[in-house]
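Here are my notes for your first read-through. Keep the structure open and check each point as you go.

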2 protein chains.
Amino acid sequence: MPKPTFFNLPAEKQEQIFRAAVAEFAAHPYAAAAINRIVARAGIAKGSFYQYFHDKKDLFLYCLQRIGEEKMAYLAPVLQRAQALSFFDLLQELFVQGVRFVQDHPAYGAIGRRLVVERHPDLDAALREVSAQGEVFYRDRLEQAVARGEIRDDVDLALLAFLLNRLSGLLVEYHLERAGGAYDEQMLATAGQFIRLLRTGMEARPDAERRAASYPSPHPSQGEAP
Amino acid sequence: MPKPTFFNLPAEKQEQIFRAAVAEFAAHPYAAAAINRIVARAGIAKGSFYQYFHDKKDLFLYCLQRIGEEKMAYLAPVLQRAQALSFFDLLQELFVQGVRFVQDHPAYGAIGRRLVVERHPDLDAALREVSAQGEVFYRDRLEQAVARGEIRDDVDLALLAFLLNRLSGLLVEYHLERAGGAYDEQMLATAGQFIRLLRTGMEARPDAERRAASYPSPHPSQGEAP
DNA sequence: CTTTTATGTGACCGCTCGGTCACATTGTAC
DNA sequence: GTACAATGTGACCGAGCGGTCACATAAAAG
């Protein structure tokens, strides 16, 4: 938790510091992220920084909390409708909003990815909390969907919750790498394909099944192979 | 590429240095990995190190190449049978061998994960090469499988190749996090569930389809939710 | 032996790091 | 004005970094 001094600062200055920190943590692994660069970018003295935060870890966790709040703000409209949506509609909405979030805040995405992969004592507790949160959420939704008969009852829900929690990150990465990242039709098509794969799998099947699986765009006009 | 001096070393000593480097790169982000610790662990003088390698990047790329060779050795038996196997059998074998590889060499897994997520100028070229390699492989197999009618012809192959390339990493991670990591029945069951999800999806369907999807273990006896 | 060539060595360089501290500046109370 | 508390500041500390270099050692060549 930041020191009280930080919260006494004008909101404008708090934001400057937060933005500088986010940029730094997005650009460098935690261990290599430099307070020196953060204070330079924020336009404050190093001594001042240590009046606001106890140490680097304190700053990082503050950033993580802020990012989490912003993400929740993105997801809130969807979450409110969660009960009213079918599981796959919910999934689609969550993925789409997830892509939008990272498109609007690429640095947040970079920090999230680092958090998942990096091994640093300062980060371990935060990582466990964040990923457990996501998995519990998916697990609950999955159980409801199974109860409603939307999802087969013979799948390993723990495995599936784990996968869904990570897949949203992969989808974002794919869209950013290939499509460059606009929030557009192409993105919706990719998300649709993604969901369709999850729903009905990739195996060829008799035609009867095929049509039931259609979603927003059946053919995203991706490049064909030579 | 290491300097000639390195290859003049007794194989034993080369191995000592390689192992020390792998341990360091697995335990720390590239930027934070320390030549000082590597030479200490390898039992050589720092000056000697710079007779063997041009710099840190040189050492890291050498490690990556060695790891790639060892992985190929693991996968070779499967790859040789690739044409004879159905796509999903091939996938199952690849995933299983992938898990085995990381179980036998946890440090290699850690380095691979870092490579995918970390952003460092020294690593960018290597990352692009490695991931492109994997995707091209999957893409080729997918096209063959579509031609053989094993896989529906209306999926976005680029997206699917990307996902498969990453999913193998996720499966490994899941198995290591939950099961702790033995190469055992439990692992085979998880891989089977995984493949089954890919084949037939998670959506509930009329019973006819259900049975066609069975694979090694239909019920992996994962814990039930309260 | 001496010379030459290849290899081993650790003190050292310049730099950056996270974090501290003595002091300067500011704002309010009186 | 003075007094006092809160906040701003950057030089500084010890440590660790990647990388260098003058020199020691050793083996082979003459």
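1. A polar contact here is a pair of N or O atoms within 3.5 Å. Keep that cut-off in mind, and remember that this is a predicted model. Tyr50(A) gives one example: a polar atom of its side chain sits 3.0 Å from a phosphate oxygen of DNA strand C.

2. Lys56(A) also meets the phosphates. Its contact comes from the backbone: a polar atom there is 3.1 Å from a phosphate oxygen of DNA strand C.

3. Which part of DNA strand C does Gln51(B) contact? It is a base nitrogen, 2.7 Å from a polar side-chain atom of Gln51(B).

4. Now take the surroundings of DNA strand C as a whole. It has 19 residues around it, and among the closest are Ala33(A), Lys46(A) and Tyr52(B).

5. By type, the surface near DNA strand C holds seven nonpolar, seven polar and five charged residues.

6. Turn to helix H10 of chain B, residues 185-200.

7. Look at both ends of H10(B). Asp184(B) caps the N-terminal end, with a side-chain oxygen 3.3 Å from the backbone nitrogen of Gln186(B). Just after the helix, Gly201(B) has a positive phi of about 80°.

Key: Residues numbered from 1 in each chain as written. Chains lettered and ligands numbered in written order. Predicted model: local features only at pLDDT ≥ 70, side-chain atom pairs only at ≥ 80, totals over all residues. Heavy atoms only, no water. Near = heavy atom within 4 Å. Polar contact = N/O pair within 3.5 Å; in protein donor to acceptor, adjacent residues only side chain to side chain. Nonpolar A, V, L, I, M, F, W, Y, C, P; charged D, E, K, R; others polar. Helix = DSSP H or I, 4+ residues; strand = E, 2+ residues; numbered from the N terminus.
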